[in-house]
Amino acid sequence: MRYPVTATFLIAGLFAGSANAALRTKSMDAVEAEVRARDAALTGDLDKARKKAKKLYAKVLKQFAKDSTGRKQDHKRITKITKILTGRPFRDDAALHVLLTQGVSGFMLELEAVLRRADRQLGLLGTATGDSEKALARLGKAHDAFDAAVGRASLMKILKKCVRADALAAKMRRSADAAIALNGPIDVHRFQYDIGTDEYIVVGGRVSQAQVDRDLAGSLCTKCHTDAVHDVKDSVHYTVRSPSQQVLFPGGGEHGMFDRACGLPATTGLTNYMSDVNMGECAKCHVGRYMPAMEGFFAGMFQEMGVSDPQGQATKLIDSGLDCLICHSREYKSRPTDGTLAEIAPVRNPDARSPTPVGFARDGQDNADFDRDGTPDLVIDMNGDGTPDAPLMVDMDGDGTPETPWRTVAQDRSLDALRSIGVSTDHACLRCHEHDFTGYKRGALWIEGHDFHQTEAEGPFAGAENTCTVCHETDAHKIKRGHSVGGDFFGSDYPAPPPGTPFDPNDTTDVSCRTCHTASALPGTIHTDTHLAKMACETCHITAGAGITYSLFGQGGQLSFGRNAEGKDTKLLVSDAYITDDEADLVKDWEAYRTLPILAWFDGGASFLAQPLAARGTPNAKIAPFKPMANGIVFDARFFSGQTATNEAGYAYNAYSMYRFYANGRNAEAFDALGMLDMTPTEVRNITMDAFYSPDPAFQAMGLMLIFPNLVYFDKAAFGYEHYLTHSQSPYDRDHDGLVDAGADLDADMFAAANAGLRQFQGFNGPMGFAADYEWYPPFEDVSETISMKLPDGSLIKMFMAMKGSQIQDPDQRAAFMAAIDNYPAFSQVTLGGHAVRPKEQAIGDCGSCHSAGGLMSHTVPVTRKVPVDMGPMGTIEFPLYQWKFYNVKALVNLGLSTTSEDVVAGTADVDIDGDTRYLRVSDTQFALNWFAPNAANGYRAADEATALLGTTLAPADLTWHGGDWMPVLEPVVDLISNARVLGYGQDYVPMSPPAK
């Protein structure tokens with residue numbers, strides 16, 4: 001494995017080290033310990049074989065005990081040890097052989113690190129000399145010898161080649177030392193770097209590269225930027241959440257992606273901060289190695305362990321994981337290019353530039369080996385003497401003893417990254433927000449030709465080094481998000497005012513079109529008072545979205561779709577849409593799934609499933625464009641059994657509702673400790689349906705959870721599949737490119753993933769003071785208990801809004817509000833706010849674009865079909881109709897793997913599966929889901945029941961629940977309604993033909 005001589009490579013450690021470095025690897029120490037243990041065990045009268053073994057052990061220990069007098073002698077000694085332990089009578093001793101193999105592997109890792117560091121050092125030399133030329137030549141020979149060792153069949157052959165490479169490296173060092181001596185330290189940002197010692201010279205002291213790898217902020221950044229750590233930890237980019245008055249969420253709390261389910265990457269950060277290096281784990285973007293909640297977790301764990309200053313050490317550990325360079329380095333790599341990582345995702349850029357082709361900021365993992373020397377770092381000071389003496393480990397086998405190194409995302413803290421520190425650029429923002437800007441999620445490209453501001457020749461955007469921060473201004477690591485971004489993203493450094501608050505031109509924390517563009521300066525022919533009073537600027541100036549409109553996870557796999565022209569989510573997203581090679585490819589991906597926006601009233605408020613909480617007549621609401629989004633999230637089907645439990649108020653609630661997860665046992669105390677409640681645990685455990693009528697949104701939301709099935713917090717690593725990417729050890733990826741193989745017998749196990757997710761929560765038991773076997777929620781016992789549901793159907797939020805509307809005092813206003821929610825749209829709506837702004841020539845500028853047949857007002861929107869049910873004292877309530885749909889998951893994955901976005905754009909490939917029974921079959925049976933009485937007659941039935949399979953020609957054995965190919969998904973029955981009616985207008989109010997001229 002030849003490494004180019006550039007300034008790319010950096011390793012913590014010495015060149016050839018001290019004279020006995022080859023022998024005294026940490027892995028060889030384990031071999032010595034094992035030999036000593038075996039030798040001590042051989043006592044008393046021994047048979048002939050064991051006498052021979054004891055004699056050989058003595059020879060091995062004698063070699064270990066010898067003092068080092070030079071490299072050559074060390075080489076002989078380690079060779080002798082290996083020869084003794086791989087010869088008879090030890091040849092069949094598997095345990096000893098594994099230990100010895102690890103020891104030789106440790107030697108190889110050391111030698112590899114030496115060569116990498118030499119590459120980097122010689123690349124940093126500014127002037128070529130005779131010594132540097134000699135060093136380069138000898139380094140090349142050492143590389144060749146090391147390459148020859150890789151792949152050798154026997155340990156002795158590997159060792160022989162490594163010894164040769166090590167000897168050549170020692171010769172190379174003499175020449176390199178002489179060449180380095182002629183070069184002084186090189187300038188790096190506000191400090192210097194000493195090539196010869198691998199140290200940074202800062203504020204009169206020296207900091208090793210190893211310490212930088214371990215704690216970047218503490219060892220370097222805070223030497224000058226004294227408030228940086230505090231500011232970053234006080235920002236949403238670290239916390240992943242913030243308070244918000246705009247979101248109706250169960251229990252209130254702090255909102256963002258920490259405590260909300262997202263249908264694209266699936267489930268929450270609580271269970272998937274670190275999932276698998278190939279898939280979309282949260283840590284691939286967020287600025288910390290550890291989830292923010294882990295600071296309290298570590299403090300509790302350290303206290304139980306008797307560690308000195310548990311809170312202080314927990315804080316230091318968390319702070320050491322902050323990644324300043326992800327935003328401030330121009331040469332940041334998606335994975336460190338030096339040293340050995342625990343895992344590297346196969347789908348990545350050839351030069352490892354961040355982001356990767358699949359849109360991740362990082363794509364490597366360390367197993368608590370921050371300096372990447374092959375062993376976990378010592379980071380915990382057990383006895384308080386100021387010197388760390390224990391690694392960070394986790395208990396994975398449940399025996400109460402931590403035995404597995406703590407897995408972390410691998411950050412680029414290399415010299416190259418540090419040398420390119422500067423003001424953040426557009427590219428730095430797009431390392432994490434690429435999917436937010438592209439067709440993958442929001443479908444609003446921030447590139448030339450798609451957003452007018454990117455080509456603006458005058459004004460603040462012209463020549464801006466970072467066009468993002470022209471609008472999203474920064475201060476003390478806080479970034480202005482804007483107050484009108486709703487539905488999918490509520491975390492903000494500057495929390496928005498309550499929904500319905502009028503635009504305030506003096507609010508310096510807001511970001512909107514009106515921040516720069518005043519109404520008085522706009523052309524009056526189009527920007528009339530009538531339009532400006534009712535329509536958001538984006539409605540005319542952001543004319544399209546793109547990308548995913550439906551993403552579902554289920555037993556068998558994961559699929560995503562875009563919306564077709566009829567308003568159905570049936571255009572399969574192909575694998576090519578997730579992998580971006582260049583800007584031209586990105587545009588093709590966007591064009592392949594381009595979709596018209598949905599127009600809806602928006603006052604800033606939305607549900608936790610991204611549904612706008614406004615209707616025509618809502619104060620200060622405006623018509624805004626949204627990208628449609630449906631989430632096929634996995635829920636607990638046991639909800640539909642109707643089984644109840646009783647809370648402290650004596651109120652009987654559904655035993656498998658989301659409320660159960662918040663209120664059962666001591667869960668409420670845990671969620672309160674995690675900052676996820678806006679009420680006390682006692683208040684949580686005393687919720688009744690009366691909470692619907694509370695003026696407090698936190699109580700309203702918790703009341704809603706009484707009649708909402710529990711979300712499955714599944715572990716994606718156990719599920720093993722996402723957007724055509726597979727688990728890093730997946731049997732469905734034989735060529736190891738990170739993508740599932742075409743024709744693979746894919747069978748992602750949602751049932752196992754759901755139980756694995758529940759077990760993850762039990763990892764909080766110790767720090768929370770719970771019993772080790774405390775169960776947060778009953779484990780799943782059958783595959784049919786985890787069902788995929790296409791949500792949200794809109795019925796619960798319509799019910800909530802109707803209750804809200806009933807409190808309007810003015811009868812005319814109340815009647816208008818109720819009429820406006822009559823056709824409340826199904827599914828989520830993601831605001832198309834701020835990006836992909838078309839120039840005025842491409843904006844909607846004529847009446848017919850909206851008010852004509854084929855215009856936006858006649859564009860169809862899915863609305864859930866409902867049936868009225870007499871609920872006795874509660875009156876008549878409408879409940880949604882549902883039916884099972886069955887997706888041929890393996891055939892669809894193969895279609896997605898064999899088709900490109902270019903094929904879709906050119907019309908040479910059809911990926912719209914609407915009506916195509918090869919891929920999709922629909923049950924003839926429809927049934928109402930009664931959220932209050934889910935086990936009511938003519939209600940829910942399982943997907944493998946005979947009635948549910950009517951009209952599909954499928955049998956239970958065909959379903960993925962039973963090992964077949966057809967994945968069942970429970971979906972609402974929808975009618976396609978004109979956007980005008982969804983907005984609350986009728987045919988007479990909005991003309992459907994161009995006005996007379």
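Cys513 is partly exposed, with a relative accessible area of 23% (buried is under 20%, exposed over 50% and partly exposed in between, with a 1.4 Å probe and protein chains only). The model is predicted, so local features need pLDDT of at least 70 and side-chain atom pairs count only at pLDDT 80 or more, while totals for chains, interfaces and linings use all residues. Residues are numbered from 1 along each chain as its sequence is written, and side-chain values use heavy atoms, with hydrogens and water left out.

Across the whole structure, zero disulfides are found, a disulfide being a pair of cysteine sulfur atoms within 2.5 Å. Cys513 is accordingly in no disulfide, and the nearest cysteine sulfur, that of Cys537, lies 4.3 Å away. Cys162 counts as buried because its relative accessibility is 0%.

An open sheet of four strands has the order E1-E2-E3-E4 with antiparallel pairing. Strands (E, at least two residues) and helices (H or I, at least four residues) are DSSP runs numbered from the N terminus, and two strands pair if DSSP finds at least two bridges between them. Strand E1 (186-188) and E4 are the edge strands, each pairing on one side only. From one strand to the next, the twist averages 35°. E1 is joined to strand E2 (residues 191-194) by three bridges, and Ile186 stands opposite Tyr193 in E2. Four bridges connect strand E3 (residues 199-202) with strand E4 (residues 205-208), where Tyr200 is opposite Val207 in E4. The hairpin of E3 and E4 has two residues between the strands, and Val203 takes a positive phi near 50° there.

A further open sheet contains three strands in the order E8-E9-E12, again with antiparallel pairing. Its edge strands, E8 (343-344) and E12 (408-409), each pair on one side only. Two bridges link E8 to strand E9 (residues 364-366), with Ile344 opposite Gly364 in E9.

The axes of helix H29 (residues 795-805) and helix H30 (residues 811-820) come within 10 Å and cross at roughly 175°. Axes are lines fitted to C-alpha atoms, for helices over the stretch in contact, and angles run from 0 to 180 degrees between N-to-C directions. H29 and H30 are therefore roughly antiparallel to each other (over 145 degrees; under 35 is roughly parallel, 65 to 115 roughly perpendicular and the rest oblique). Met801, Ala802 and Gly805 of H29 make the contact with Arg814, Phe817 and Met818 of H30, contact meaning heavy atoms within 4.5 Å.
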